[in-house]
Structure formats: C-alpha cells, structure tokens
Amino acid sequence: MTTKQETILKVALRLFANEGFDAVSTKQLALEAKVSEGLIFKHFKSKKALLDVLMQDVENKIALFFNDVLLENNASLVLRKSIEIPFEIQEKDFDLWRLFFKQKWQKEYNNPELLSPFLDKLNWAFNNFRFQEPEKETGILFMLLESLIINILREGKPSQLKYKYFLIHKYTL
C-alpha cells in the first residue's frame, strides 16, 4: 500500500467516524488528505469501495481485540477481562470504534458473526458459574459493555470507571 493510500484511509476513517459516511464528500476527503479526487478513485474505485476497505480493517482489528478473552480458560478471568475491554481501548483507536458503531446500523455492515466467538466465551463462563440463565446474562453483559464503549467514546474513560468497578463487584471477580 502506498503512502498516499494510507493517508486517504487515515483521513477517511477520521471523517467517516466523526461526520458520517454520507456527510463526507470525496472533494472534502481529497482536500483533507491533500490528494486529488482522481487519486482517490484510482485507488478505491468509489467512496463506497473506500468504506468497504475501512470496514474490513475495522472488523479485523476489533476481532483481534477480543483474542485475550477467547484464549482464556479460567471463567473468572473471562468475565474480568471482558469487563475490562472497554477500558483497554486506546484513544488513538477511538475513530475505529466510532466507525464500527456507526456502520453497525447499516445492514450491509452489521456482522453478528464477528462477535459470536466472544459471546460464546461469555456464555461458557456464565455456565461455569452455574448461572440460571447464562444466555440472558451474556446478553445483558454484552449490552452493558457496548454501552460502556459508546460512553467512553463520547465522554472518556474516567466517566465510566464506576460501572467497571460495579460489574467487577457484581460478579465478585
């Protein structure tokens, strides 16, 4: 990948994540990336093709983000590490996560299989703790974690720490 392509992708990620795909024109993208519109189309064929490349990269990075939990064999540590995930997101990756959540609402980019291994691992952990309804507990914790990530992206990590400690206490980890 050329330096210009990397610059286009970096600027597109920032703009799409913060302003939305539909709100960003290729002219605006070209101006901010300091390239011509023609160069964008030479490398990516269309704005949609550029988004497709970004979303594939986003999905790959997000899938890797959950690896530590997936490799864990201790149920208590699976829950603790899962609760800590939102707080491990680095500020430099906030745009990646913003784009993930924005595009999640688009049918084409909603990929429930992406997080299935993570949900299966949570369910396994709750089963190991003999929760009466592990599937529901998994669903509730997952919704809380998604909400924590969204609020961290909006307000920063310090605003959400009380919920991290609450969840760790709730599950006595």
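Before starting, keep in mind that this is a predicted model.

**Exercise 1. Describe the aromatic pairs.**

Task: Find how many aromatic pairs the whole structure holds, then work out the geometry of Phe16 with Phe21 and of Phe118 with Phe142.

Solution. A search of the whole structure gives 11 aromatic pairs. One of them joins Phe16 and Phe21, with 5.1 Å centre to centre and 75° between the planes. Angles over 60 degrees count as edge-to-face, and that is the label for Phe16 and Phe21. Both Phe16 and Phe21 are buried.

Now turn to Phe118 and Phe142: their centres are 6.4 Å apart and their planes make an angle of 55°, which makes the pair tilted.

Finally, look around the pair. Phe118 and Phe142 belong to one aromatic cluster, whose other members are Phe65, Phe66, Trp97, Phe100 and Phe101.

**Exercise 2. Find lysines over ring faces.**

Task: Which rings have Lys121 and Lys164 over their faces?

Solution. Start with Lys121: it lies over the face of Trp124, 4.8 Å from the ring centre. Then take Lys164, which lies over the face of Phe87 at 5.3 Å from the ring centre.

**Exercise 3. Work through the salt bridges.**

Task: Give the number of salt bridges in the whole structure, then examine the partners of Glu72, Asp95 and Glu137.

Solution. The search of the whole structure returns 12 salt bridges. Side chains of opposite charge can pair when their charged atoms come close.

- Glu72 meets Lys81 at 2.7 Å, N to O. With a relative accessible area of 13%, Glu72 is buried.
- Asp95 meets Arg98 at 3.0 Å, N to O. Both lie in helix H7, 3 residues apart, about one turn of the helix. Asp95 counts as buried at 17% relative accessibility, whereas Arg98, at 22%, counts as partly exposed.
- Glu137 meets Lys170 at 3.9 Å, N to O. This pair links distant parts of the chain, with Lys170 in helix H10 (residues 161-170) and Glu137 in helix H9, 33 residues apart. Lys170 is partly exposed, with a relative accessible area of 43%, while Glu137 is buried at 14%.

**Exercise 4. Locate a loop residue.**

Task: Where is Asn110 found, and which residues does it touch beyond four places away in sequence?

Solution. First, the position: Asn110 sits in the loop between helix H7 (94-103) and H8. Second, the surroundings: leaving aside residues up to four places away in sequence, Asn110 touches Gln103 and Lys104. Third, a distance: the C-alpha atoms of Asn110 and Phe100, 10 residues apart along the chain, are 9.1 Å from each other.

**Exercise 5. Compare a surface patch with a covered helix.**

Task: Name the residues of the nonpolar surface patch of about 280 Å², then list the buried residues of helix H2 (residues 26-33) and say what covers them.

Solution. The patch is made by Ile140, Met143 and Leu144. Of these, Ile140 lies in helix H9 and counts as partly exposed, at 42% relative accessibility.

For H2, the buried residues are Thr26, Gln28, Leu29, Ala30 and Ala33. Their cover includes helix H1 (3-19), helix H3 (37-44) and helix H4 (47-65). To finish, follow the chain just past the end of H2, where Lys34 takes a positive phi of about 60°.

Methods: Residues numbered from 1 in each chain as written. Predicted model: local features only at pLDDT ≥ 70, side-chain atom pairs only at ≥ 80, totals over all residues. Heavy atoms only, no water. Phe/Tyr/Trp six-rings, centres within 6.5 Å; stacked < 30°, edge-to-face > 60°. Buried < 20%, exposed > 50% of the residue type's maximum accessible area, 1.4 Å probe, protein only. Lys NZ or Arg CZ within 6 Å of the ring centre and 35° of its normal. Patch = residues over 30% accessible without salt bridge, like charges linked within 9 Å, V, L, I, M, F, W, Y side chains within 5 Å. Areas by Shrake-Rupley, 256 points an atom, 1.4 Å probe, with all protein chains shown as cover. Salt bridge = Lys/Arg side-chain N within 4 Å of Asp/Glu carboxyl O. Helix = DSSP H or I, 4+ residues; strand = E, 2+ residues; numbered from the N terminus. Contact = heavy atoms within 4.5 Å.
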